[in-house]
Amino acid sequence: MSDNGSGKPKFAMYWAASCGGCEIAVLNIGEKILDVDAAFDVVFWPVAMDAKYHDVEAMPDKSITLTLFNGSIRNQENEHLAKLLRQKSAILVAFGSCATEGCIPGMANFSSTEEIFTAVYDTISTHNPEGTRPKTEWMTPEGIVLTIPQFYPMIKTLDQVVDVDYFMPGCPPESHQIAAVVDLVIQALAGKATLPPKGSVIGAGGSTVCDECVRARNVKKIDKFVRIHEVAEVDPTLCLLEQGILCNGLATRSGCGALCPGVGAACIGCYGPAADVVDYGARLMTAVASVIDSRDPNEIEAILDGIPDPAGSFYRFNLAHSLLRAGKPAVSGNKP
Amino acid sequence: MQRITIDPITRLEGHGKIEILLDEVGEVANTYFQIPELRGFERFCVGRPVEEMPVLTNRICGVCPEAHHMAAAKAGDAVYGVEPTSTAKKLRELLYMGFYFTDHTTHFYALGGPDFVMGPDAPVAERNILGVIHKVGLEIGGKVIQARKYGHTVVEMLGGRKVHPCTAIPGGVTKGLTEEERQKIEGMGRWGIEFAQFSLQLFNDLVLGNQGYVDLILGDVYTHRTHYIGLVDEQNRVNFYDGKVSVVDPDGQRLGKYAPAEYTDWIAEHVEPWTYLKFPYLKQVGWKGFVDGNDSGVYMATPLSRLNAADGMATPLAQAEYEKFFTTLGGKPVHQRLATHWARLIELLYAAERLVELATDEEITSPHLHTVPTKTPTEGVGIVEAPRGTLTHHYWTDERGILTKVNLIVGTTNNYAPISMSIKKAAQSLIHEGTVISEGLLNMVEMAFRAYDPCFGCATHSLPGQMPLQVTIRDADGQVVDVLSQYCGNS
């Protein structure tokens, strides 16, 4: 399938609107990187090698065997690259939380573009008497038009703009999961393994973070929620939720090894919805309601008031991919 | 008007683009360094509980999440007016030293150092970490990998995760240190001191021993007379985790020191319509555009800035190197941007020494990890030194500690104006009467970038220093005359 003489399958990795943590996680797979190098021709990976946009355009359709795409679709350039790489890739993986479900920056969908621009360009430390905003096209005093990509009204996930073959959750995906996926693809290409059906979640478990957590669960009900910084001494071995600390493990897919609860911090849900969950937030709300020790509606409401930010707590990582994703429409973008 | 576009191809069409505009004679009329991306954390963090900010804002940057984690935790302390336990503060700082150790090692060996170790004229293919290993010896490769791994281990041990740590909360941390873990960290730290000394010796032998390199460092192309800022302790010594921000002018005179809560008296930001990133400047001096000098509010915040803004280092071995640095380069402040690479190694040594100090502190394994806040939350500012510049988080909350407003001034952003100026100067020195010295332009612009170790994780997300460039040269009609490209990083 290769046309550059090496005969090896081709690998690409790209970052759209992201923090770079997914790239770091891949680099952290250590010596496994050498396996990637041995098994694939790395044809496009901006963080690690030189390749140009027109090089990708010149590739035959479907000629890249495997593309790991991280980052969300925040602007017009991100979408352009998503479409190009879909066209050129046989297997396109939505890699990491931003690409699969929008991640933390997906919470921008609670706000309009104007609200975001005001929060950024009219801060207490910003001297901006004329209310200047970035423009997609701007004429310099020298008479040249400068351009920047349009900031979209909404963050989109990769599968909201192109067809995606596999979904790999995590913020970022854990390195051992990345290494396992790389192994699987190498084996499959050698005819020694079979890839899962299209649309599958890969590089993660099939249960929940709770199932991986070392903390003891006694299926105890709670009569109030507390916030972690308000707790004088967190019990080091007991389930955090049973201590009244909102922990997202119940609704979150396994695969990370329950790292955060392991060090006394609540699961915040970065591995996305557990298997067969349509809407993460709805599932978490149901799960949380089930541990509340009351049947009195007023009392239940009082207990739920102990969760100070339900929208953020239930849709922290996956608002952009949730049933709520329509969010608030932009008042206007930053067109010229 | 002729136009030259430089696209960093890490981000392809955009994500950090340089436009060079020539006048009728073909001299550089102006340059524009555009950052084409925004995510808007200042907005969507509003409504969130303040104790979550350490795990929300570390998603600003996957390269330096530790810096955001710490700045957010400190801002959370301030919002609640709570003093973390002494052990908690030391554990946070210990994690942070592990992070600095890895980060500075990566930059020197994989990104910035190859220009010096291999020489700026070495073929592109050799100017990378592999070239360094070939030249200096194979064992150095193993040491570099070890150094990075040790730093990561400290972060994971204390932060719970390799990327995006999760243990700092207002009032303290959720994870303590066992004696067994402490011993491991101490051992890694002691090895780290030797590694940092070895790195400085390498710099001394290969760079300072070569007059050509010294001339390059001291040359005018990479020199800008700007203000400098950096966090210092009570004795005005460099500190990464805590203290006040010292501000010095281009003559090295200290204009003052500000506590985190006073930052708006000192720092302001300027907005341009052609980029998504703002330009911070010194408020009292004012925004005068992209110019050097005492009357321009442009400042820099980098390892070199921190050394310039401080009176010394807080650990003995690093202090000796600090003195040698300024003696060799002709006194304070040092304006030559390429000296930043040396300053970074001095900070590497400090990070290792401080790591051992903290790992051997008798309080470090204490179980007192957290002070429960008792005051009503209102407003607070947290500042740390990110490797790439002073990092400021400012939060306002309601009485329940729910954010109502957020302001962030992020590491590399501090240096947006000086980086833009360095680009312009490199272009001006290499383009005359419309003639572009092609290879020279690419390499010199890259070297100008790399000194700042730019990490636009907050904007373009290029990994630090990774700025492969493509230059498209167009004639006055916009027709492409030539396309040049170059790639120097390899990590």
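Modeller: Over all chains there are 35 aromatic pairs, where rings of Phe, Tyr and Trp (its six-membered ring) pair if their centres lie within 6.5 Å, and planes under 30 degrees apart count as stacked, over 60 as edge-to-face and the rest as tilted. This is a predicted model, in which local features need pLDDT of at least 70 and side-chain atom pairs count only at pLDDT 80 or more, while totals for chains, interfaces and linings use all residues. Residues are numbered from 1 along each chain as its sequence is written, chains are lettered from A and ligands numbered from 1 in the order in which they are written, and side-chain values use heavy atoms, with hydrogens and water left out.

Colleague: Why is the pair of A:Phe11 and A:Trp45 called edge-to-face?

Modeller: The ring centres of A:Phe11 and A:Trp45 lie 5.7 Å apart and the planes stand at 70 degrees, so the pair is edge-to-face. A:Phe11 belongs to strand S1 (residues 10-15) of chain A and A:Trp45 to the loop between strand S2 (41-44) and helix H3 (53-58) of chain A, so the pair ties together parts that are 34 residues apart in sequence; helices (H or I, at least four residues) and strands (E, at least two) are DSSP runs, numbered from the N terminus.

Colleague: What makes A:Phe11 buried?

Modeller: Buried means under 20% relative accessible area, exposed over 50%, and partly exposed in between (1.4 Å probe, protein chains only); A:Phe11 has a relative accessible area of 3% and is therefore buried, and A:Trp45, at 6%, is buried too.

Colleague: What makes the pair of B:Phe240 and B:Tyr350 edge-to-face?

Modeller: Here the centres of B:Phe240 and B:Tyr350 are 5.2 Å apart with the planes at 75 degrees, so this pair is edge-to-face. B:Phe240 sits in the loop between strand S6 (227-232) and strand S7 (244-248) of chain B, and B:Tyr350 in helix H13 (residues 340-359) of chain B, so the pair ties together parts that are 110 residues apart in sequence. B:Phe240 counts as buried at 0% relative accessibility, and B:Tyr350 does at 1%.

Colleague: How do you know that the charged end of B:Lys143 sits over the ring of B:Phe198?

Modeller: A charge sits over a ring if NZ of Lys or CZ of Arg is within 6 Å of the ring centre and within 35 degrees of the ring normal; the charged end of B:Lys143 is 4.0 Å from the centre of the B:Phe198 ring, over which it sits. B:Phe198 is also one of the residues of an aromatic cluster, including B:Trp191 and B:Phe195.
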